[in-house]
Amino acid sequence: MEPRHARYPFFASAREAVRESGVDLAALVADGDPAVDRGRERVERALTEGTVEAAESREWDTRDELLSYPIARILVSLLDSRAAVEKYAEAEAATAYRRFTEDLQRARDDGARREPARIDQAALLREFDLGSAVRVEEPKPGQIEGKWLWLGVGAYLSYVDPEWGDDWRLVNRELVDGEVRTEREELYRLIREAVEDRVAEGLPFEGVGDELADELEAEISDLRDLLADRSVAADLDVVAPEYFPPCIGKLLGRTQGGDDLDPYERFSLLAFLAGLNLDAEEVVALTGLDPDLVADRFAYLRDDSGAQYPPPSCRTLGEYGICENEHNHRSVAPHPLEYYSRELREADEVVDWRDRERTDVGDAAA
């Protein structure tokens, strides 16, 4: 196990080093090995801070750092959450990006002595099968050497995200003989995307034994709470009350029946509905709550940009006697919005409540 493997644990050589070591990950977990603590920290910091760098309060050796990566992948798989996979892969890629841009800058500096943990551009490109796809452009007078590169169009399109903007669209790039003219920093952004794809590949995976899952139960419980407190599915814009979590459905049923909710129950219901991007008028129509009360609460829950106060997690709702953890749903969906998202994905057909309301109004008018 080399320092480079610990710095870039998703490299093929690092994975091979773990295999050749013959380390039994289940035994590490059972023994409470330091690598397990570092793996948990790796996922925790990914969920909360967008990085997998170790906290400065503790030093980890090369072995623990390298083995923490497969442990972290087990933990993410046991979380069984798309949000967890995305956050973890993004954090690994962000950390890798910072590391390899730092390494490559050192390699370019005159007199820099290469350290065992560092890499050069050729090694980085080979890792992602880009060695033959990248050609460095000969610098023009006064131009920085290596600033411009030509990248094969296939490799370029493999990693460009359409959401990056018009500047990345092929129609707006120089394209000659199947190569795209690319700045060095743009190539690094594409490699960051390649890292994220590699880390996310195969996650979450099946096959984690029950015994291993039981050993990691405490770690998974803590990580689920962290994930739940930060998972706000702002892209949910379908309102189908029959698929709401049981506790939210009960609160909604009570308001529709004219019952009063206590302040925390009311906040929990309104925060959930705000997470579905309902506006105040729609909430009044759905719940039957007082319009002035809803308007007042929504001034706190949402602002002009649509930002919102996250709805409470299932665990927090349980502490207030609202969530009863029906069917042990917290083990797979520890947040009401995540529960709702799962229900929608598994439903055969979903009709938005607003569409039903419009149909009912039209029928009544006819």
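A salt bridge here means a side-chain nitrogen of Lys or Arg within 4 Å of a carboxyl oxygen of Asp or Glu. Keep that in mind. What we have on screen is a predicted model.

One case to start. Asp352 and Arg354 make a salt bridge, with their closest N and O atoms 2.9 Å apart. Asp352 and Arg354 are both buried.

Now the overall picture. The protein chain has 366 residues, and 46% of them count as buried. It holds 18 helices and four strands. Along the principal axes, its C-alpha atoms fill a box of roughly 75 × 55 × 35 Å.

Back to charges. How many salt bridges does a search of the whole structure find? The search gives 33. Take Arg38 and Glu41. Their side chains meet at 2.9 Å, N to O. Both sit in helix 4, residues 34-49, and because they are three residues apart, about one helical turn separates them. Arg38 is buried, and Glu41 is buried too.

Next, Glu127 and Arg198. Their closest N and O atoms are 2.5 Å apart, in another salt bridge. This pair links distant parts of the chain, 71 residues apart: Glu127 belongs to helix 7, residues 121-127, and Arg198 to helix 9, residues 184-200. Why does Glu127 count as buried? Its relative accessible area is 15%, and buried means under 20%.

Arg7, Glu53, Arg98, Arg99, Glu102, Asp103 and Arg118 are joined through salt bridges that share partners.

On to the rings. The count is 12 aromatic pairs. One of them is Tyr8 with Phe11, stacked, at 5.0 Å centre to centre and 15° between the planes. Both Tyr8 and Phe11 are buried. Tyr8, Phe10 and Phe11 form one aromatic cluster.

Compare Tyr97 and Phe100. Their ring centres are 5.6 Å apart and their planes stand at 80°, so this pair is edge-to-face. Both residues lie in helix 6, residues 82-108, three residues apart, about one turn. Are they buried or exposed? Phe100 has 1% relative accessibility, so Phe100 is buried. Tyr97, at 26%, is partly exposed.

Last stop, the surface. Asp31, Asp210, Glu211, Asp214, Glu215 and Glu217 form a negative patch. Which helix gives the largest share of that patch? Helix 10, residues 210-215, supplies four residues. Asp31 comes from helix 3, residues 25-31. Its relative accessible area is 65%, so Asp31 counts as exposed, the cut-off being over 50%.

Key. Residues numbered from 1 in each chain as written. Predicted model: local features only at pLDDT ≥ 70, side-chain atom pairs only at ≥ 80, totals over all residues. Heavy atoms only, no water. Patch = residues over 30% accessible without salt bridge, like charges linked within 9 Å, V, L, I, M, F, W, Y side chains within 5 Å. Areas by Shrake-Rupley, 256 points an atom, 1.4 Å probe, with all protein chains shown as cover. Lys, Arg positive; Asp, Glu negative; His and termini not counted. Charge placed at Lys NZ, Arg CZ, Asp CG, Glu CD. Helix = DSSP H or I, 4+ residues; strand = E, 2+ residues; numbered from the N terminus. Buried < 20%, exposed > 50% of the residue type's maximum accessible area, 1.4 Å probe, protein only. Phe/Tyr/Trp six-rings, centres within 6.5 Å; stacked < 30°, edge-to-face > 60°.
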